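I am opening my notebook on a new structure.

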Amino acid sequence: MHQGNLFVNPYLGYTWWDQETDGEFMYPKQQRNPTDDELVIETQSNPEAAAAKGLWGDKEFLDKVSELNPKLKHTQFADYHGHGWVFRAIFKHDRKGNLLDLLDNKIPHDDPQKFAKAVHLKDVHLARGMQCADCHFEKDVHGNGQLYGEPRNATTINCIDCHGTINQRPTLITSGNAGQVDLANNSNTPWGPRFVWEGARLYQQSVMSPDTRWEIPQTIDTIDPLSSHYNPKSAYAKTLHRDGKTWGGVVAGIADPGRAATPDTKTGINDRGYNRITLAHDNSAMDCQICHTSWATSCFGCHLPMKANQRVPQNKFEGVTDRNYTTYNPQVVRDDVFMLGIDGTVKKNRMAVLRSSSAVVVSSQNANREWVYSQAQTFSAEGYSGQAFNPHFPHTTSSVGTTKNCTDCHLSKNNDNNAWMTQLLGFGTGTVNFFGRYSYVGAGKDGFHAVIWTEPDEPQAAIGSHLHQLAYPDNYRKHLEAGSILKEAHEHSGHDIQDIVLRGEYLYTANGPGGFEVFDVANIDQKGFSERIVSAPVSPLGQRTRVNTKYATSIAIPSTLALDPARVRRPENEEQPIDMFYAFVYVSDREEGLVGSNVATLVDGNPDNNFLKRDVTYNPDGALTGASFVTAAGHRLYLTTPRGLFVIDCTDPMHPQLAGQYIGNFLRNPHCVAIQFRYAFVTDDDGLKVLDITDPYRPTPISGAVVRLGKPGRLYVARTYAYVANGPEGLAIIDVENPERPRLDQMFNAGGLLNDARAVQVGSVSASQFALVADGRNGLRVVQLISPDTVPGAQGFSPRPNPKLIATYPTKGEAIAVSRGLERDRVVDETGGQTVVFGRRGARPFHLDEMEKFFLHSGSVDSKDGRRWGSLYRVEDVMARNGKLMTKSGVLLSPLPTPVPQTPVSPTPPLDYAPDIEPSPIESPSPPRQ
């Protein structure tokens, strides 16, 4: 029962507790400050360092933690634990965090019976009484004599082995990669045969109880209007053609799982690849889990700090002791994330659900209690970021009322799921970003600061936050008594720091007249160093990480995830090549336009070759003169100048090309741009404006997509909200759920204290979301946006923020820029470039052409890069009523006619042998559970 995101816990409807929600009942009133000895003792039973500060480190308390449930306001705990970890229940809710019943009715947050009314999202197989051994038989449990790299590779069972397909009923011979098992003839229970056909109905006997059996719904019946099992929603999803309109009728051909139709076999109704090229959701291209996953857990951060000079038993059979020990600290565990990609080779590279599975940062403290490295990123052997993702069978199989609907995977007709689609395709929504213990703040001519804004220990609470009050009540009280002022920071000089981005152990800066300069911050948390920030750890003769430009204004880094394109990849690992674009950093310069430098030497582990040079200078006919800001979206750069918005194609990173632009009257002196999927959000002298970039090389203004602001500066888009630093008025929080109809949700100025906002970044700690604001003459401001104590739907995809100023660091000079956090949910860029390692051989995110099939019809609009952009494909969610299918807006969806079927025949003959164990009499099917 290791992780909260593997098999058993999701099957039961639980995942890891986030160490914050309803924490009022989980931490002592008096702050605990465990000694090293006490921490070691605690971690023998629970590897979370936070448990030593909480009550759940006590086994007696832990055993009874579910007895707290009647008192809890926001979650419910499981009546079990694993290795001391606490698990919370997952309930059905909408994207705003409102709890829902089976019919999608909202349940008020203050309803005392809300958890009884809401749907607990345990697996439907569990709800029917099934246990693990009812799906996973002898080979799945005991293996087949071979070693496999992951549990799924060793399974024999697939969904279609019991439920069949739209073409045929199951043969009851397993089709999994670990071998074929004849379930009809060679799989019994102590009470008799495991499977029994009664006409065309298939029943399964429980392996655990002689009195329990259930009917197994047959997929072919769910699409047959004459069957009692007919489900129009199921029929629609499974028979919908690629035109997005036609459905029902005869389903011709038999799809061959994993086999792509070749060009010369795309005609003829009897072709075995017919379904795959005709149907939108054919089983040969996508797994059943896509629509039948009610939720999938994602761990967006685990901190593994190793400490030396402490004798610790290894907890191994040999009884060995070490002088190093490591605690295991989950940081952000979410259940509101749904992402898709391509499964591994052993699963035939079909579409599958993705999860974040190992978003690890590591630290190491030596015997002198010096942090040799602190919260450092990890790399895969072949150069990808160690923020690992993988395709996953979540074991949260859904049924009526909890399956995915049309707008979960395609553009909504209401245009209200742009952020959701951004997440689905793996671009990242910028919400769960990780800042770490230090926030880096640019202060113009006064250089920059590395500000300590969290506690050093676990849980790594933001100082002044809700979690801080729970886990560190004494420290929290002292913070309030000190006027909520942060005390610690490290500083470094600069010419005129205009922009600042941390990646790995280096800080990249746009340093005004100092050009592009990179600082080494590897020892920022190392007390043994008097100078923790340096321009060169050796000397300028041994390293030079500066490129002179006339006046650098901003940094475009492909990702804050560190990648190394130069590493060698082994073909047998089936890893995709890393785009060379990830070796570069581009700088906007107000006189020179665009300047680029290959910085791959900073991630190759060799300290002797860190000499940066100017590799690219690009300013065609002076078009980019006055460049104020640049950002990367895949290998495309979006750059603002006083004249407009420019799109620069860096497919060849050494030879950028001006591929598109908008220089019309819609924009007036643009300041900053942020990209979210199909839209560019731009601040200019008027406020926030939105341009359509579905064709990324033709930015198109959206009339009316304007929010007037007084003095807008830089902005940040996180899920369905845009956060704009709005000078003297504070932080403008703008609802962009429908990007073409943005509206000002609230203006937050903390009672007038936040009055010089210049820039903003957003990230998460535990269950809470924070904004770090560069507030000009006031310094760094820490604003708690969402937390369980102030936002009842904090576990939702994008609840309405309820901002609160919790901490301030008065910087030397004016704070004008804040570094972006580690992008923990970004697995692929907008041009299909993979950014993270995938933990399954042959698995990957979607390629660009695969992404486009989710939202574009094939079309005839030529673009700069030779692609042909079609019209948008939009959908409405559907619902069944009185056996009819209609959209949520009430449009009736009529299927093609279905001919009268032949009389069904039992697919398998009666048993012609005596079973190993004489079967007990089997009662008729159990009545449905109420």
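I begin with a rule: a charge sits over a ring if NZ of Lys or CZ of Arg is within 6 Å of the ring centre and within 35 degrees of the ring normal. I noted that this is a predicted model, where local features need pLDDT of at least 70, side-chain atom pairs count only at pLDDT 80 or more, and totals for chains, interfaces and linings use all residues. Residues are numbered from 1 along each chain as its sequence is written, and side-chain values use heavy atoms, with hydrogens and water left out.

**Entry 1: charges over rings.** I found lysine 689 over the face of phenylalanine 666, at 5.6 Å from the ring centre. I also found arginine 95 over the face of tryptophan 420, at 4.2 Å from the ring centre.

**Entry 2: ring pairs.** Rings of Phe, Tyr and Trp (its six-membered ring) pair if their centres lie within 6.5 Å; planes under 30 degrees apart are stacked, over 60 edge-to-face, and the rest tilted. I got 23 aromatic pairs by this rule. In one of them, tryptophan 16 and tryptophan 85 sit edge-to-face, 5.0 Å centre to centre with 65° between the planes. Where are the two partners in the chain? Tryptophan 16 is in strand S1 (residues 14-16), and tryptophan 85 is in the loop between helix H3 (59-63) and strand S2 (87-89), 69 residues apart. Helices (H or I, at least four residues) and strands (E, at least two) are DSSP runs, numbered from the N terminus. Tryptophan 16 counts as buried because its relative accessibility is 1%. Tryptophan 85 is buried too, at 1%. Buried means under 20% relative accessible area, exposed over 50%, partly exposed in between (1.4 Å probe, protein chains only). I also noted a cluster in which ring pairs link Trp17, Tyr27, Trp56 and Phe77.

**Entry 3: threonine 397.** I placed threonine 397 in the loop between strand S18 (385-391) and strand S19 (411-412). Is threonine 397 buried or exposed? It is buried, with a relative accessible area of 15%. Leaving aside neighbours within four places in sequence, threonine 397 is in contact (heavy atoms within 4.5 Å) with Lys122, Asp123, Val124, His125 and His292.

Entry 4: I looked at the lining of the second largest pocket by class: 16 nonpolar, 19 polar and 13 charged residues. Ala, Val, Leu, Ile, Met, Phe, Trp, Tyr, Cys and Pro count as nonpolar, Asp, Glu, Lys and Arg as charged, and the others, Gly among them, as polar.
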